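Subject: Structure handover

Hello,

Here is the structure for you to look over. My notes on it follow below.

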Amino acid sequence: MTLKAQLEQTLAGMAPFSTGEQSVSLSDGDLHLTCQLVALESLGCAFSRLALSSDRLAGLDTDGLKRVAEDLSAKLTYLLEPISPIETDAEGCVVQMRSNPPHKDADRTSYYELLVARTGELSLTRYTRAAGQPRESVPAHVTREVLCRLAGDLAEAAA
Amino acid sequence: MRIEHDLSRFKQIVRGKIRQNLRKYVTHGEMIGRKGRDLVSIPIPQLDIPHFRYGKNGSGGVGQGDGEVGTPVGSPGDDEGGAGAAGSDPGRHILEVEVSLEELAVILGEELELPRIEPKGNDTIEREKARYTSIRKSGPESLRHFKRTYMEALRRQISSNTYVPERPRVVPIREDKRYRAWTEVSLPQANAAIIYMMDVSGSMTDDQKEIVRTAAFWLDAWLKSQYKGVERRYIIHDAAAKEVDEHTFYHTRESGGTRISSAYRVAADMIERVFPPTDWNIYVFQFSDGDNWGEDNEKSLDLLRGDILPHVNLFCYGQVESPYGSGEYIRSLEHSFDEAESKMIAVEIENKDGIYACLKKFLGTGV
């Protein structure tokens, strides 16, 4: 069963919660998905981090990682902001993708950060920064459907 | 004498206007580079250019045309009024005034209340300079000394009896030619080296680079006015750093990650090789969005502490806010160094309006 299908099934079997954190870990071959859920309701959920690791990613060079990042940039068009590659660290073999442009309120900037690393991991986190303050990670709110679609797209990009 | 007085008064007015709007000129970089290296052209919209004023030519005059004895001559303004046609003249132009960089630096210094810099250490470095003070028999044609050449030719013609005073023709031959030659003289100079470092990683946008360019222009102007010789060097970096020329410095965009330590390594090496700290007054200005890759912070701070700060007059770090506002490097600097005790100054530049305060803080130490 694909990771997307497994996640749909897992979420359907979980009781709604709004406090604490529950971790969901799923595997499909060499693909491993971890989702740190901080809230789950009948329609939507919130996660602090969504990560997918793959042996295939671990073998890629910087150009290969860039291609994965471009592929993800084209696919992930349904989040709050579009995501695109911002920096590529050849030394650490990591491509940093972020919301482009980030979302700006009067005194706050929020954005997604998706790292594509040669350690074999794709990880998505949402950050926010108030004026004059350091950035902090915040839960990303999505519908159940979007979360499952995200899992599917990450798996497809890493496969 | 009168016109000189007027000119000096006009210059005073221009200076006053520039001073009045200095903050605007500092934050808007549009006049930078418009007149080359030594002059800048500043648009001043609200200034009356001196001009002749014509008086009403009175009530007198000579009448012409038909008229009876006793008919009064018309005076100006007697015409009937009425709606006029639309004007065809162009609107009022903005006056652009040329100001020398030196003068601009003086205004900047006065307005920001900047102290004069006290050069450190050996401020009398001997520098070789070529002076054309002697004459040789060989050399490039571009350096031919015409007067000496013709004198030699005349001397030769007189001594060989070929000169005819009634028909004075002097024709130089090859042996008559004389050329200017130079000798090298040593000139004492107070020298300063400015090292600019800029992050050109993917997260630095064109707007941020424009802020850096504008700030660097004013820093240059001030430091040039304080030292006789200023050497400028430019380093750009993303995950790797390199020395580049000025144009490349302002127009490069890379997509690499940010590793500030790479730039520090190049700067430290440059200081060691090219600018011995005992002879040079070294100023380092670094600009970045501060979005350094996490594990690089410690490495950068070590290099700064060990290889850069001990050798420089001043190290200034300007953190230009990126669209993500995620730069944390300035906090690491503030946490690691005490500004009062070290030669390090760190400033956050939110936008173009922040340049003014940044310059004041960077240059206000007088070091």
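**Where the chains meet**

In this predicted model, 16 residues of chain B are in contact with 17 residues of chain A. Two residues are in contact if their C-beta atoms, placed from the backbone, lie within 7 Å. The side of chain B that touches chain A has 4 nonpolar, 9 polar and 3 charged residues. For those classes, Ala, Val, Leu, Ile, Met, Phe, Trp, Tyr, Cys and Pro count as nonpolar, Asp, Glu, Lys and Arg as charged, and the others, Gly among them, as polar.

**Conventions and confidence**

Residues are numbered from 1 along each chain as its sequence is written, while chains are lettered from A and ligands numbered from 1 in the order in which they are written. As the model is a predicted one, local features need pLDDT of at least 70 and side-chain atom pairs count only at pLDDT 80 or more, whereas totals for chains, interfaces and linings use all residues.

The model scores ipTM 0.78 and pTM 0.70. The mean pLDDT (the predictor's confidence in each residue, from 0 to 100) of chain B is 80. In that chain, 77% of residues reach 70 or more. Among the elements of chain B, strand β1 (residues 39–44) has the lowest mean pLDDT, 68. Helix α7 (residues 260–273) has the highest, 94. Where pLDDT is low, the predicted coordinates should not be read in detail.

**Chain B overall**

Chain B has 10 helices and 10 strands. These are DSSP runs, numbered from the N terminus: helices are H or I, at least four residues, and strands are E, at least two. Of the 367 residues of chain B, 30% count as buried. Buried means 20 or more other C-beta atoms within 10 Å of the residue's own, exposed means 12 or fewer, and partly exposed is in between; C-beta atoms are placed from the backbone. Take the contacts in chain B between residues at least 6 apart in sequence: 79% join residues at least 24 apart.

Helix α1 (residues 2–20) of chain B is hardly covered: 1 of its 19 residues is buried. At 1.5 Å a residue it should span 27 Å, and its end C-alpha atoms are 27 Å apart, which agrees. The expected span is 1.5 Å times one less than the number of residues.

Helix α8 (residues 296–308) of chain B has 13 residues and should span 18 Å; its end C-alpha atoms are 17 Å apart, which agrees. Its buried residues are B:Asp296, B:Asn297, B:Ser300, B:Leu304 and B:Ile308. The buried residues pack against α7, β8 (281–288), β9 (314–320) and α9 (329–336) of chain B.

B:Ile308 counts as buried because it has 21 C-beta neighbours inside 10 Å. Leaving out residues up to four places away in sequence, B:Ile308 touches B:Tyr264, B:Ala267, B:Ala268, B:Val284, B:Leu303 and B:Phe315.

**Backbone points to check**

- A cis peptide bond joins A:Asn100 and A:Pro101, with omega about 5 degrees. A:Pro101 is in the loop between β5 (94–99) and β6 (103–104) of chain A.
- B:Asn161 is not a glycine, yet has a positive phi of about 60 degrees. B:Asn161 sits in the loop between α4 (146–159) and β4 (179–189) of chain B. With 7 C-beta neighbours inside 10 Å, B:Asn161 counts as exposed.

Best wishes
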